[in-house]
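Have a look at the chains first, and then read on.

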Amino acid sequence: MSAQAIPILMVVGTAALLSLLFLGLSGWLGPYRPNSLKSTTYECGVPARSTVQIRFFVRFFLVALLFLLFDLETVFLYPWAILFRSMVAEGRAAFALGEMGAFVAVLVVGFVYVWKKGGLEWQ
Amino acid sequence: MNGPTPVTLGAELPVLAPYLVLAVGGLAVMLVDAFSGGRRRDHLSLLTLLVLLGAAAAQGAAPAEPRGATLLGGMLAADRFSRFFNLLTVTIAMLTTVYATSMFERDGRYRADFYPLTLFAALGMMLLAAATDLLSLFLAVETMSLAVYVLVAGERGSLRSSEAGFKYLILGAFASAFLLMGLALLYGQAGATDYASVHRAVQAAPDGGILLPLACGLVLVALGFKVAMVPFHMWTPDVYDGAPAYVTGLMATGVKAAAFAALLRVVWLLPPIAEAWFPLLAVLTVLTMTYGNLVALSQNGLKRMLAYSSIAHAGYLLLGVLAVLNTGRDSATAVQAAAVRDAAGGAILFYLVVYALMNLGAFGVVACLSRSRREEADAIDGYAGLSRRRPFVAATLAVFMFSLAGIPPTAGFVGKFYIFDAVVKAGLVPLAVWGVINSLLSAYYYLRVIVVMYMKPAEGEVHDGHSWEAAFTCGVLALLVLLLGVVPGSFYALAAHTYRQMIF
């Protein structure tokens, strides 16, 4: 156990040493001449006009949540689709279809619920 | 994907029926709610009760399985133990539905999401009690917990309810992470997820280094969180207090019973490692009892008092678990050890049922006396003079309080007696003595409620809500508590037999 950990510890140690070394070298050798433009926050694009801690409309959260649900559905569908051929070859086609059918049916019930309850309306 | 996949689904369908009824019923209630437009929602409660009755009927009609039978390729147990907990869960869910509906009707404002969520929570509890696979254990915990998180937080416009739900969600997510880590380590050691394989792997390598004890400890943390064991109890008072009374009743009884069912299977699964944790578990049990009882002494709200009392009762139940664990060590013969273990397991099952009856009764009284959901009958001072205003409800609450305190002739006394008896038989006399002392301590705060109801004149703000359904249900529960207190023998025999038939 501990013998196996030694290489990892060596990598971690070397990484720490090297990064400290470079940081120290650049601090020691590099010139340090700050001005007001240099000490602004580094950002690409348009300069920031206000703080980022603004309030989001809560509906964004709902949409994100719904997106996540339906996105995950496809994530589940992919491995199933890949395995489907081999399951058919084993003669378990009905089982495979039924399983995914049950999953999608539950999801559709949720979808109908969200729809009827007005979760998809933006107002 | 290489293992034997269950193609015998058709043969298992009758035994799976209770779970399927709840799952499909929950979805159906959702759809009915979605298509009901702006009308009243009282048909939902009827439908929910019908679904629960259907699940109970399906459970009753399910064929008796031979010992060792599992469902879905080893995912769920089809034993008497799971049948016992299925029926208990369905009963708890039905009572919860009655209380909730009575409160909704008083407000004239229905909370439709309550009904499907209760069904899904009940489904999770049933699966949790039946789980015989690390994966189904985790999925059951999550099914139950997700529904309960929303139930706790769902009282719209109540800041305390939202706060309680948020706290429960965050801490519960942590507990789930612990559980998942523990299960992953167990899987790493055993190379399989079903309990039977894990058990074999554990037996083969009882001193397999740090991995197994660590895994066992992580699982114990997660289940300890669900049953509110000290030091994982921090959420209990705030959540029980902030959640609406009808949900608190469900949490204190259903969630706890299901988690204890899972715990009983898991400690049966991991005897050598559980032994390594025994001293720590014993200390935590003592702390759980003592902390719950000491802090409950100074509570002024009934719900908060019952929350601390629920911590204390988790301690008594954990005493039973310790007795189960200890039987392998002291007893002279294997037969004797098995007898003591069955006695302890039966005592735990008996106590869980009794606890569910009396606690649901107490929360039912709270639901009955609340004027509205905003003004729940929480303050203990508000119960002053209840014996004159509502003699019947006061009498039932008195029965529940006597039973919670463990005073004969109530079922609470018998349940505690069986637990302490099993603990003594398992050779843990000091723990039993400490349990009895705690029980004496707890009498103070339970009897205080009775004193307030019967001996204090009503003054100031008093609780005077009323609901026929809730009052009737409380009456039935009080009768059951008395009945089980007077003639407990046959039911205890049933509980012990159920535990003996438990498979893993």
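Predicted model: local features only at pLDDT ≥ 70, side-chain atom pairs only at ≥ 80, totals over all residues.

Residues are numbered from 1 along each chain as its sequence is written, and chains are lettered from A and ligands numbered from 1 in the order in which they are written.

**Where the chains touch**

Nine residues of chain A and eight residues of chain B make up the contact; two residues are in contact if their C-beta atoms, placed from the backbone, lie within 7 Å. On the side of chain A that touches chain B, helix α3 (residues 93-116) of chain A gives the most, with six residues. Helices here are DSSP runs (H or I, at least four residues), numbered from the N terminus. By class, that side of chain A has six nonpolar, no polar and three charged residues. Ala, Val, Leu, Ile, Met, Phe, Trp, Tyr, Cys and Pro count as nonpolar, Asp, Glu, Lys and Arg as charged, and the others, Gly among them, as polar.

**The core**

The largest nonpolar core has 195 residues, and B:L128, B:A258, B:A262 and B:Y351 have the most contacts inside it. Helix α14 (residues 334-369) of chain B supplies the largest share of this core, 23 residues. A nonpolar core is a set of buried Ala, Val, Leu, Ile, Met, Phe, Trp, Tyr and Cys residues joined through C-beta atoms within 7 Å. A residue is buried if 20 or more other C-beta atoms, placed from the backbone, lie within 10 Å of its own.

Beyond its neighbours within four places in sequence, B:Y351 is in contact with residues including B:Y316, B:L317 and B:G320. B:I348 lies in helix α14 of chain B and is buried, because 29 other C-beta atoms lie within 10 Å. The C-alpha atoms of B:I348 and B:A495 are 8.5 Å from each other, although 147 residues separate the two along the chain.

**Two helix pairs**

The axes in the table are lines fitted to C-alpha atoms over the stretch in contact, and angles run from 0 to 180 degrees between N-to-C directions.

| Helix pair | Axes come within | Crossing angle |
|---|---|---|
| α17 (residues 411-425) and α18 (residues 429-455) of chain B | 7 Å | roughly 155 degrees |
| α5 (residues 134-153) and α6 (residues 159-190) of chain B | 9 Å | roughly 175 degrees |

α5(B) and α6(B) are therefore roughly antiparallel to each other, a term for angles over 145 degrees. Their contact has 15 nonpolar, six polar and one charged residues. The angle between α17(B) and α18(B) makes that pair roughly antiparallel too. Among the residues that make the contact are B:K416 and B:F420 of α17(B) and B:G435 and B:S439 of α18(B).

**Backbone spots worth a look**

Most residues other than glycine have a negative phi, and most peptide bonds are trans. Which bond is cis, with omega near 5 degrees? The bond from B:V230 to B:P231 is one, and B:P231 is in the loop between α8 (211-227) and α9 (235-242) of chain B. The bond from B:P408 to B:P409 is also cis, with omega near 5 degrees, and B:P409 lies in the loop between α16 (391-405) and α17 of chain B. B:A228 has a positive phi, near 65 degrees, and sits in the loop between α8 and α9 of chain B. B:A228 is buried, with 29 other C-beta atoms within 10 Å.

Notes. Helix = DSSP H or I, 4+ residues; strand = E, 2+ residues; numbered from the N terminus. Buried ≥ 20, exposed ≤ 12 C-beta atoms within 10 Å, placed from the backbone. Parallel < 35°, antiparallel > 145°, perpendicular 65-115°, else oblique.
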